[in-house]
Amino acid sequence: MLNTGSNAPIEDDKSLERALGHQVRTLRRERELSLADLGAAAGISHGMVSKIENGQISPSLATINAVARALNVPITTLFAAFEESRDCSHVRKGTGVVIERRGTKVGHIYELLGAGIRGETVLEPYLITLQEDAEAYTGFRHAGVEFIFMLSGEVRYHHAGQDYHLKPGDALLFDAEALHGPRELIERPMTYLSIIAYPRT
């Protein structure tokens, strides 16, 4: 499996073997077969069946096919537990949902760029535009962490008692539970990417 520069844990390389083993065990028990019974029907040892069920080995395609035949199921059925869906959100340019977040002031436009990803963490990516008539506002406060990446314009951004001068290409990552927001709108209009992450409740 290819890794990236991220420190996120890599999915276990044995996940396919475990999923296969779980499916074989489930089907064997549904048919009230012992390890020896399935092994005999598939032409392999009961010890091999046990290792397959425990995800300890990567059986050959021939062995998997023999087990599927012995269980009287299509070979694809053995991989059913592994073929789970993975969420993905694709939003084309200009089609994000324009929303007004709580505390939004005049001239602050929020375009939600993705939604619906499952998991323990909620991720909200916004394309934020501050128009010519936008007002400075440093009263934003919410759960989680926020990441800002400046795309155009120039701003002095406030967070927890300190100001940061942001230009295109600059980034800011901070605890969003502290008061934050644009203190001085130096060059308008401006756009920046804002990604907010917080635990799903």
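Colleague: Is Tyr157 buried or exposed?

Modeller: Tyr157 is buried, at a relative accessible area of 2%, where buried means under 20%, exposed over 50% and partly exposed in between, with a 1.4 Å probe and protein chains only. This is a predicted model in which local features need pLDDT of at least 70 and side-chain atom pairs count only at pLDDT 80 or more, while totals for chains, interfaces and linings use all residues. Residues are numbered from 1 along each chain as its sequence is written, and side-chain values use heavy atoms, leaving out hydrogens and water.

Colleague: Which aromatic pair do Tyr157 and Phe174 form, stacked or tilted?

Modeller: Tyr157 and Phe174 form a tilted pair, 5.9 Å centre to centre with 35 degrees between the planes; rings of Phe, Tyr and Trp (its six-membered ring) pair if their centres lie within 6.5 Å, and planes under 30 degrees apart count as stacked, over 60 as edge-to-face and the rest as tilted.

Colleague: Which strands hold them?

Modeller: Tyr157 lies in strand E4 and Phe174 in strand E6, so the pair ties together parts 17 residues apart in sequence; strands (E, at least two residues) are DSSP runs, numbered from the N terminus.

Colleague: How many bridges join E4 to E6?

Modeller: There are 5 bridges between E4 (residues 145–159) and E6, which run antiparallel, and two strands pair if DSSP finds at least two bridges between them.

Definitions and conventions:
Helices (H or I, at least four residues) and strands (E, at least two) are DSSP runs, numbered from the N terminus.
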